[in-house]
Every structure is written in structure tokens, then in C-alpha cells.
Amino acid sequence: MAQPYLSDPSTRPARIRIGHLTEAKQRGEKFSMITCYDTMLAEIFDQAGIETLLVGDSAANTVLGYNSTLRITLDEMIVFAKAVVNGARRALVVADLPFGSYEQSPAQAVASAVRLMKEAGVHAIKIEGDERFAPYVDAMVAAGVPVIAHIGFTPQSEHALGGYKVQGRGDSAAQLVRTAVALQDAGAFAVLLEMVPSPVAAEVDAALRVPTIGIGAGSSTTGQVLVWQDMLGLGTGRTPRFVKKYANLREVISEAVTEYHQDVANGSFPSVEYEFEK
Ligand code: KIV
């Protein structure tokens, strides 16, 4: 492994640009991405050195409580994206184009991406889709929008794909590699691979000059991404196999709030130190 550059506080750039991620791949260095939807967590993740923050359409589930990412709107994404941009000083902020905001035409994709960049101030966008979306990537890049292409399992196509399923197994592995190359050649500066067998993700990574970012795609990708509520243990329900839980915030918050509730009920909060004098 080459000497870390991005993760070393003495060498890391004041602002992460897409070129730094390309260089990371060339240097054999890794980078991290975490989903983020608000200012305070953006500050924490940014100060921890996380290189890229993703305002994912997973906010549909994790913040808005919808049962699918399909329901979040572009206007809702813009609100979350603004908050993250306001909290991040160094990280590259990427936002998802939500379902319904780009599929009609490359022109619709450009218009939606421009709104995310102009109104929220994000630095790049992510789009789900296979090689049929190469002209969309091309149009956005021509308009000055840096694009990450999301392939493999694409949650917005959950119904078309028949549920949450690993993609790229068997004969479809070669197609996945071709898709990645087509989207790179259309101008995507990175390719995100979700729920893909590790050897297939390694093949995709080897076929590309741009970095790959994996979620459930093994360790060969240049970057890794996780949904913060999953990795920090805020959610309920089944944790996907590819998620490492780094904390149990649900327990921490629940214990703290229960203590506050008891303190209020028994009158021990607020005690004098939390009161104003006359
Ligand atoms: O919306 C999101 O959080 C994502 C990640 C799963 C990569 O797209």
C-alpha cells in the first residue's frame, strides 16, 4: 500500500476535489464515503476525515420514514443537500438524483443536476442506471456536472429487479464490466457498485481508470460507502450482511432519553445549575 495521502492529516488537501479521488486510485490508496443528510453530522464526518459525503436518496427511508427510496422528491433532496453542504468544509459532497427526476431525457437529468448544484451547492451528483444512461452522463458532464454512476443493485429499480438481490453473478458479470466501462467512457468520474460479488467488483475495478466505490462489493474498490444509520446502529430491523456496525447509537440515545424522561418525571431535572438567577 502506498503512503496514505488523503487520510494523513499532514498531507490531505484542504478541499477534496474529484481529481484527488482519481489520484487515490492511481496511488493504490483508499477513500471513504458516508451518507449524510444534516449539518451537524456533516461537520462530524468531515472533521473525522471522511473524504466524500453522500446525500443519498436513502434519506427517503432513514429520515423521512418512507418504505422505499422511490418516494423522495428532488425538492426534498435539495433541502437535505443544503444542510450537508453547510456543514462540510473539506469533504466532496455528492447528491443522488432521485427517482423521477432524470429518466425522461438527458435534458431532464441536466436540469435536475443543475438544481442540486445551484440551489444546494453540491459538488457532484450520482445517478443510478445501466449503459442506457451513458448519454445522460455525457449530457451532464458536458454541462459541467461531475457524475458518479451507480450500478449493480440500484435501489430505485428495486421493483424491476425483483427485490434486493446481489447483481453481476454468473453470466451477467461480463455485462456489468461493460456497463461500467460505458459509463466511465461517457464521463463518469467514479463508478459505485452495490451488492456485487467481490471478484466481479475486482474485475470492474481493474477494467476502469476511474475509481470504484463499493457497498457490499468487497475490498478491491478504491472507495467504500455505508449508510450512516446502519454503520452507527441507529436503525431497527435486519442489518445487511455488508454492514459493519461501529456503534450502537440506538442504545446510547434510548438510554439517555429514558434517563431524561425519568429526571423530568421525578423533578430532578432541572436542578439549580440549569436555572437562571434573578
Ligand atoms: O442512497 C444511498 O444511500 C445510496 C447508497 C446505498 C450508496 O445510494
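Hi everyone, let me start with one side chain: that of T35, which makes a polar contact with the side chain of Y37 at 3.1 Å. A polar contact here is a pair of N or O atoms within 3.5 Å; within protein, one must be able to donate a hydrogen and the other to accept it, and residues adjacent in sequence count only if both atoms are side-chain atoms.

Before going on, a word on the source: this is a predicted model, where local features need pLDDT of at least 70 and side-chain atom pairs count only at pLDDT 80 or more, while totals for chains, interfaces and linings use all residues. Residues are numbered from 1 along each chain as its sequence is written, and side-chain values use heavy atoms, with hydrogens and water left out.

Back to T35, which sits in strand β1. Helices (H or I, at least four residues) and strands (E, at least two) are DSSP runs, numbered from the N terminus. Is T35 buried or exposed? With a relative accessibility of 2%, T35 is buried; the cut-offs are under 20% relative accessible area for buried, over 50% for exposed and partly exposed in between, using a 1.4 Å probe and protein chains only. Setting aside neighbours within four places in sequence, the contacts of T35 (heavy atoms within 4.5 Å) include F45, L54 and W228.

F45 takes us to helix α2, residues 39–47, where L41, A42, F45 and D46 are buried. Looking down the axis of α2, these buried residues fall within an arc of 135 degrees, so they line one face of the helix. That arc is taken from the directions from the helix axis to the C-beta atoms. As a reminder, an α-helix has 3.6 residues a turn, so residues three or four places apart point the same way. On the other side of α2, the exposed residues are M40, I44 and Q47.

What covers the buried residues of α2? The cover includes β1 (31–35), β2 (52–55), α4 (74–87) and α9 (228–231). At the start of α2, a side-chain oxygen of D38 comes to within 3.1 Å of the backbone nitrogen of M40. Just after α2, G49 has a positive phi of about 100 degrees.

Now for α4. Among the buried residues of α4 are L74, M77, I78 and F80. The buried residues of α4 pack against α2, β2, α3 (59–62), β3 (92–96) and α5 (106–120).

How do α4 and α5 cross? Their axes come within 9 Å and cross at roughly 35 degrees. The axes are lines fitted to C-alpha atoms, for helices over the stretch in contact, with angles from 0 to 180 degrees between N-to-C directions. This crossing is right-handed, meaning that the near helix is turned clockwise from the far one by less than a right angle. Residues of α4 including L74, M77 and K82 meet a set in α5 that includes S112, R115 and E119.

Two last stops. A182, in helix α7 (residues 172–185), is partly exposed at 26% relative accessibility. Leaving out neighbours within four places in sequence, A182 contacts E131 and A134. Finally, G144 lies in the loop between α6 (134–142) and β5 (147–152), and is partly exposed at 48%.
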